[in-house]
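Subject: Structure handover

Dear colleague,

Please find below the structure that I promised to pass on to you. My notes on it follow directly after, with the cut-offs given where each term comes up.

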Amino acid sequence: MIDFHCHVDLYPNPHEIAWECHERKLIVLSVTTTPSAWDGTSALGRGTMITALGLHPQLAHERKGELPLFDRILPDSAYVGEVGLDGAPEFKTHWQDQVEVFRHVLNSTLSYSKLHKWQGEDIMQHIVLKG
């Protein structure tokens, strides 16, 4: 398995990283952790950097208010990533928020088929089938 997503916007020097990727002709899928990061992250692209819209499950409880922004940006994003469920013990208290956000994203992205998932594959299948 290859994890080919990158959070270029979270580097201390994202513009330098983006330029280096461009110079090396690397194709990078740069994934946002929140919809509000879309503008800045997608602006880093230089032809070889593609930005995927996301709302990280670990941030779902803090950023679920950005779901309307997610929906507005969605038509401009070729990819959706960094969404799903995080079953780590430290995020169990926010499980319902994660499920709410994930259901919303799934419903909004029915026409998309590329969702990057990290942990929670069985739960995701349950949500899709039972949701």
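Taking a disulfide to be a pair of cysteine sulfur atoms within 2.5 Å, the count comes to zero disulfides. The sulfur of Cys6 has its closest cysteine sulfur in Cys21, at 6.7 Å, which is too far for a bond. Cys21 is accordingly in no disulfide, the nearest cysteine sulfur being that of Cys6. Cys21 is also buried, with a relative accessible area of 11%, where buried means under 20% relative accessible area, exposed over 50%, and partly exposed in between, with a 1.4 Å probe and protein chains only.

Before you read further, please keep in mind that this is a predicted model, in which local features need pLDDT of at least 70 and side-chain atom pairs count only at pLDDT 80 or more, while totals for chains, interfaces and linings use all residues. Residues are numbered from 1 along each chain as its sequence is written, and side-chain values use heavy atoms, with hydrogens and water left out.

As for the sheet, four strands make up an open sheet with parallel pairing, in the order E1-E2-E3-E4. Its edge strands, each of which pairs on one side only, are E1 (5–6) and E4 (79–80). Here helices (H or I, at least four residues) and strands (E, at least two) are DSSP runs numbered from the N terminus, and two strands pair if DSSP finds at least two bridges between them.

Strand E2 (residues 28–31) runs parallel to strand E3 (residues 49–53), and four bridges join the two. Within this pairing, Ser30 has Thr51 of E3 as its bridge partner, and Val31 has Ala52 of E3. Two bridges then join E3 to E4, again running parallel, and the bridge partner of Leu53 in E4 is Val80. Because four of the five residues of E3 are buried, this strand is largely enclosed by the rest of the structure.

Beyond the sheet, Glu82 is found in the loop between E4 and helix H5 (95–108), and it counts as buried at 7% relative accessibility. The side chain of Glu82 is joined to that of His7 by a polar contact of 2.8 Å, meaning a pair of N or O atoms within 3.5 Å, where within protein one must be able to donate a hydrogen and the other to accept it, and residues adjacent in sequence count only if both atoms are side-chain atoms.

Finally, Val99 lies in helix H5 and, at 8% relative accessibility, counts as buried. Val99 and Asp86 are 13 residues apart in sequence, and their C-alpha atoms are 9.7 Å apart in space.

With best wishes
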